[in-house]
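Good morning, and thank you for making time for this presentation. Please have the sequence and the model in view as we proceed.

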Amino acid sequence: MEIRPILASLRRHRIPAALIVLEIALACAVLCNAVFMIGQRMADIHWPNAIDEQGISVITVNGTDPALAASDIPRNLAALRGIAGVTAAAAATSMPLDQNPALTGFTTTPDGKTTVNTSVYFLGSGGEQALGLHLLQGRFSTPTNTRTAA
Amino acid sequence: MFGYYLDLALRSLKRNKVLTTLMVLALALGIGATITTLAVLRLLSGDPIPQKSAQLFYPQLDPYPANQPFSRSGKRVPYLMSYIDAMNLIHARKAERQAAMAMSQVKLTPPSGVGKPFYAQGVLTTTDFFPMFDAPFQYGSGWTAADDEGRAQVAVIAGSLNDKLFGGANSVGRMIRIEDHDFRIIGVLRTWAPQPRFYAVHLGGHSYGEGDAVFVPLQGARADDLMPSTMMGYGKSIDVEHLETAPAIWLGLWVQLPNAADVAAYKMFLGNYAKEQVALGRYQRTDTALSGLMEWMRSEHVVPDDVRLQAGLAFGFLLICVVNTVGLLLAKCLRRSREIGVRRALGASRGAIFTQFMIEAAIVGVAGGVLGLVFAELGLWGIRHQPAQYASLAHLDLSMFLFTFVVELLASLVAGLLPAWRACVVAPAPQLKAV
């Protein structure tokens, strides 16, 4: 392939050639940045958060009378479990990576210095199954560990 | 002469319909994208209270213990205050006005028959809030310092809430049920929603969107166990029943300082207060901060970074479109070298040729501006349907409308510079010989 005539003709029309090069360069820059940003967003959306996200629906209940909560919650959970297709239902204070976390420091000794931020979730019985948690070590709490409201 | 050039320009544009359409389209797309993102950026980063923002300041103190700092890098001062510190600063009266505030999601029960209970955004604050932030009243007024001390159960509600519950009538004196207690309405605000909600940064709630629905005295609300949306503890345990004495920060404090001398004096006062607290054994750090309103918005990144990025990208896209238009205009000009040669031979000066092609570029600019506005409106329509806090506010106001045309004309004139120059340096002799 003869490249020299092509280059010679480009050299004769310098300005149009320069314009085209500039435009391609700018378009590449904008495109690369946009693709990078989109890639970052996608990576953020796919952060693993230890729960079976695909299989979970979250229902938020606000504003019930605190005096009736002790009877309302088991009744609501029983009703949810009765729906066809529901394998587990449990109460929880919030979900991982939610907007209002309960954050706390975490130390190995009572007077230790905090080096780790953790978010705390309080789960009702059956919470591990409902969230699809995988145990790495130790055990989940058993019914004897949990106390019910009087 | 201008009319003649206009005529020439229009004729040449009509002759090359495809090229003209491409140029107008390219510029319009670039302008549309730029104006859309700029409108959103301007909306979000505008001054929420221009007549007063230079006088409003946000003090910060650091009650955190040395072995459990608020920020591990040690550079950030806590962005909220504890109750004791906020009250100490307020009672010291070192600023013209000062108000402490917290936000709370409160359950409102409408008067019987008007509807079901619902949640609304509430602000727990002190008496100076309304005069300091120039909140406009439709009926009634705010409460007094005596109401603060006396834990009065009074409330100021927003106009939208008044419309919803009382049909927009003067509801001063009527009762509204907040959580489990009745509060007496003493004031109704006109529509008031500063964008961004600068007083709520870090207190919970959204920075943009509708205004807050109900405002209650801090002490009165706490007497009824209303809880702030955000609280951070620095002690072993926080007794939420006694937040006022617990080692927790949950209040934002704003002060009004009319001039620079007052600002300097208050900064010194803050520093002395912190040293005093260290001497008393309450604090372990003497770091303090005092930020002006706009500075505070900037340092807390209230405007989402995404919005700036989008504006930057759109501007890059506009650059591409301008370069594109330069190329297209150049192609169009060079095609007419013979016509230019004839005009020059007949006595047209270089300047005349330059003007002729600049006017062509300007016409493309005006046409592109109109189309660009259409694209910008389309873009803003798309943004209004995004699930973002500020979505409903994305509109083109008059100044952005005019700005569109200015930017479009500038872009097209810049694009036309190179082709026009190239056209006017065409030597007439070789062109005429070719005829």
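Let me begin with a definition: two residues are in contact if their C-beta atoms, placed from the backbone, lie within 7 Å. Helices (H or I, at least four residues) and strands (E, at least two) are DSSP runs, numbered from the N terminus. Residues are numbered from 1 along each chain as its sequence is written, with chains lettered from A and ligands numbered from 1 in the order in which they are written. The model is predicted: local features need pLDDT of at least 70 and side-chain atom pairs count only at pLDDT 80 or more, while totals for chains, interfaces and linings use all residues.

I turn to helix H1 (residues 2-15) of chain B. Its residues B:Tyr5, B:Leu6, B:Leu8, B:Ala9, B:Leu10, B:Ser12 and B:Leu13 meet B:Thr355, B:Gln356, B:Ile359, B:Glu360 and B:Ile363 of H12(B). By class, this contact of H1(B) with H12(B) has eight nonpolar, three polar and one charged residues; Ala, Val, Leu, Ile, Met, Phe, Trp, Tyr, Cys and Pro count as nonpolar, Asp, Glu, Lys and Arg as charged, and the others, Gly among them, as polar.

How do the axes of H1(B) and helix H12 (residues 350-384) of chain B lie? They come within 9 Å and cross at roughly 60°, which makes H1(B) oblique to H12(B). Axes here are lines fitted to C-alpha atoms, for helices over the stretch in contact, and angles run from 0 to 180 degrees between N-to-C directions. Angles under 35 degrees count as roughly parallel, over 145 as roughly antiparallel, 65 to 115 as roughly perpendicular and the rest as oblique.

Next, the interface between the chains. Chain B and chain A each bring 17 residues to the contact. On the side of chain B, helix H10 (residues 305-335) gives the most, with eleven residues. That side divides into ten nonpolar, five polar and two charged residues.

Helix H2 (residues 14-45) of chain A packs against H10(B) at an angle of about 160°, the axes being 9 Å apart. The two helices, H2(A) and H10(B), are therefore roughly antiparallel to each other. Their contact comprises 19 nonpolar, four polar and one charged residues.

Finally, the domains of chain B. An automatic or database domain assignment supplies the bounds: domain 1 covers 2-47 + 304-434, and domain 2 covers 63-286. Six residues of domain 1 of chain B are in contact with six of domain 2 of chain B.
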